[in-house]
Every structure is written in C-alpha cells, then in structure tokens.
Amino acid sequence: MANVLRNSAKFGFSGVLSQLSIHSRHGRECVSPCFSLQQRNNSTSPKIKVDLDSSTGVAVLRMQSPPVNSLSLDFLTEFCINLEKLEMDRSCRGLIITSTLSKVFSAGLDIMEMYGKSPERCGEFWKAVQEMWLKLYGSNMATIAAINGSSPAGGCLMSIGCDYRIMVDNPRYSIGLNETQLGIVAPFWFKDTLVNTVGNRAAELSLELGLLYSAPDALKIGLVDQLVPEDQVLSTAQDTMSKWLAVPDHARQITKSMMRKQTIDKLLSNREADITNFVSFITKDSIQRSLRMYLEMLKSRKA
C-alpha cells in the first residue's frame, strides 16, 4: 500500500487518507479511526449544533459526530449550511468552532467517502471539502477555533481556516497536516493556508515531513495562538472573541479580505481542475485496492 500511495504524490492531493489515524507516537493521544466500519456513525441526528447568543452576537458551533467528527459529505454539507445561515444573520458577528467529543476536535476527511463511490460522488465530496474551506477562510465573521483535542489533516485545515486558534494545553493532543506520512501531497490550497499561518520555512518542514505537533510545539511555531487548561478552552475563546469584536466590523473584514483574497482566488480559478484531478486519482483501481486493504486491516483489528 505504501508504494501505491507514494506514487500518488504527483497528483498533489491531501487529506484523502490522512484521517486514517491520529498517531500515538511520542505519547500523543490515539483516537479510533473515523472510518472504522464497526464505529461508523450512520445516525440521522444533527452532526452540528449551533447556539447564537443574540446579546453578544457570538455563535458557538459544536461538532457532534462521533466517534471523531470525521468530515463526511453529510457532515460537510451540514457544516456549510450552518455557516451560511450565520453569515446571512446580521446579528452574528463572531463564530467559535469546537467539538463535543472528548480528546478530538476533528480527525479529518472520511475515507468511506472515497471508497467504492462513483466518480460523481467523489467529485461532490471534494467540492464539499473545498466549499467548507472557502466559506470558513473567507468568512466575514470573526472566527475562533476552540481546539479541545487532536486535530490532524482536515481537522487542522479547519482550524487554520479560522482567525485565531486556542488549544488545550496537553502534549498528548496533536495538530498538523500529516499527509506525506501516508505518501500523498497536500493540495496547493492546504499548503497556502499553512504558509499564511506559520510562514514558508515552518510550513515547508511541516509538509515535507508530515509533522503532527504536540500542543506546546504547535504554539512555538504559531500553528495555534494560545494554550489553556481543558476546562477553559471555550470560556477563553469567548473572552478572546470580545477583543476581536471590539474592532469595527468593516475595518476587520476589509483587512481580512486583503490578507486572504489572493489565496481564495487561487482556488476559485482552479476549482474544477482540482476536483477533476482528485476524482482521477481516488478512483484508480490501485488506490481503491489500497483503501480496501486498509479497511480490512482495521476490521481485523476490531475482531
């Protein structure tokens, strides 16, 4: 499998397999894979819960899709719908994103969205991943990620799509874009977002080595902005949000657009090609065989 995935690097995609696991190396928290067939969450209950405080103009979006908030098509669709509703609500000025699950913010993209699916379905899924990033990275709201657990790959992308990141001060939790560890390459818009967050050199080391950073190390390179005790993540995010909302909205929004527009426009102008390339890659027989082998291995572990 490793050789097959290594050959996929030329396609320039990320995340498609990065949710395979949250590594337990170096004593970091290990979370069950989000695509385990036995643990797959097929519930029709809402995967997103939003509470808007009209007195403060701050919404808290809680991801609640066990076991690990994997980014499935249904999850991404629900996430984007809620984000769009808040964006259109003029009373909402700030958004805090967090998780109701212990030990995990989001483990990233859902592998089951890429295994045994038609090209049309795979394209729909990748477009939803793009849409999540476009809506979040370009949001007019002030956005804060309250990261209450590990956040690899797609979970990291969601976190760095926000304006500010507060993470639990626990070295067992990790965050990062770890795609190359699986022989694949972060797409350009993942890469650009990381460069905008931590700078070119730190991003280069992070992406080439597929690093997952412990919370303290993530703070050192600027991948997160603040570490706090676990029971203070949400309250700190709410206190921090008040500082962001003290700035006049129009000035903050225009400045944010100025900083991020080039990155957003780059994906918008290459969006269809990005989808086509992803579908071409993920539907290859060799990749599908590799995915099946990996899923079978997971099933045997659970037996």
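In the predicted model, strand β1 (residues 48–53) and strand β2 (residues 58–63) run antiparallel and are joined by six bridges. Within this pairing, D51 stands opposite V60 of β2. The hairpin formed by β1 and β2 has four residues between the strands, and G57 there takes a positive phi near 75°.

N82 is found in helix α2 (residues 73–88). Leaving aside residues up to four places away in sequence, N82 touches I48, V50 and L61. The relative accessibility of N82 is 17%; because buried means under 20% relative accessible area, N82 counts as buried.

Strand β5 (residues 142–147) pairs with β7 in the parallel sense, over four bridges, and A145 has R165 of β7 as its bridge partner. Strand β10 (residues 226–228) also runs parallel to β7, and three bridges join these two strands. In this second pairing, I166 stands opposite Q226 of β10. Five of the five residues of β7 (residues 164–168) are buried, so the strand is largely enclosed by the rest of the structure.

Aromatic side chains were examined next. Six aromatic pairs were counted in the model. One of them is the pair of W133 and Y137, with ring centres 5.0 Å apart and an angle of 15° between the planes. This pair is classed as stacked because planes under 30 degrees apart count as such. W133 and Y137 both belong to helix α3 (residues 119–137), where they are four residues apart, about one turn of the helix. Both side chains belong to buried residues: W133 has a relative accessibility of 1%, and Y137 has a relative accessible area of 3%.

W133 also pairs with W189, at 5.5 Å centre to centre and with 55° between the planes, an arrangement classed as tilted. W133 lies in α3 whereas W189 lies in helix α5 (residues 188–198), so this pair ties together parts that are 56 residues apart in sequence. W189 likewise counts as buried, at 0% relative accessibility. Ring pairs link W133, Y137 and W189 with W126, F190 and F278 into a cluster.

The packing of the two helices was then considered. The axes of α3 and α5 are 12 Å apart, and the helices pack at an angle of about 25°. Angles under 35 degrees count as roughly parallel, and α3 and α5 are therefore roughly parallel to each other. Their crossing is left-handed. On the α3 side, the residues that meet α5 are W126, V129, Q130, W133 and Y137. The residues of α5 that they meet are W189, T193 and N196. Among these residues, W126, W133, Y137 and W189 also belong to the aromatic cluster.

Methods
Residues numbered from 1 in each chain as written. Predicted model: local features only at pLDDT ≥ 70, side-chain atom pairs only at ≥ 80, totals over all residues. Heavy atoms only, no water. Buried < 20%, exposed > 50% of the residue type's maximum accessible area, 1.4 Å probe, protein only. Pairing = 2+ DSSP bridges. Phe/Tyr/Trp six-rings, centres within 6.5 Å; stacked < 30°, edge-to-face > 60°. Axes fitted to C-alpha atoms, helices over the stretch in contact; angles between N-to-C directions. Parallel < 35°, antiparallel > 145°, perpendicular 65-115°, else oblique. Left-handed = near helix turned anticlockwise from the far one by under 90°. Contact = heavy atoms within 4.5 Å.
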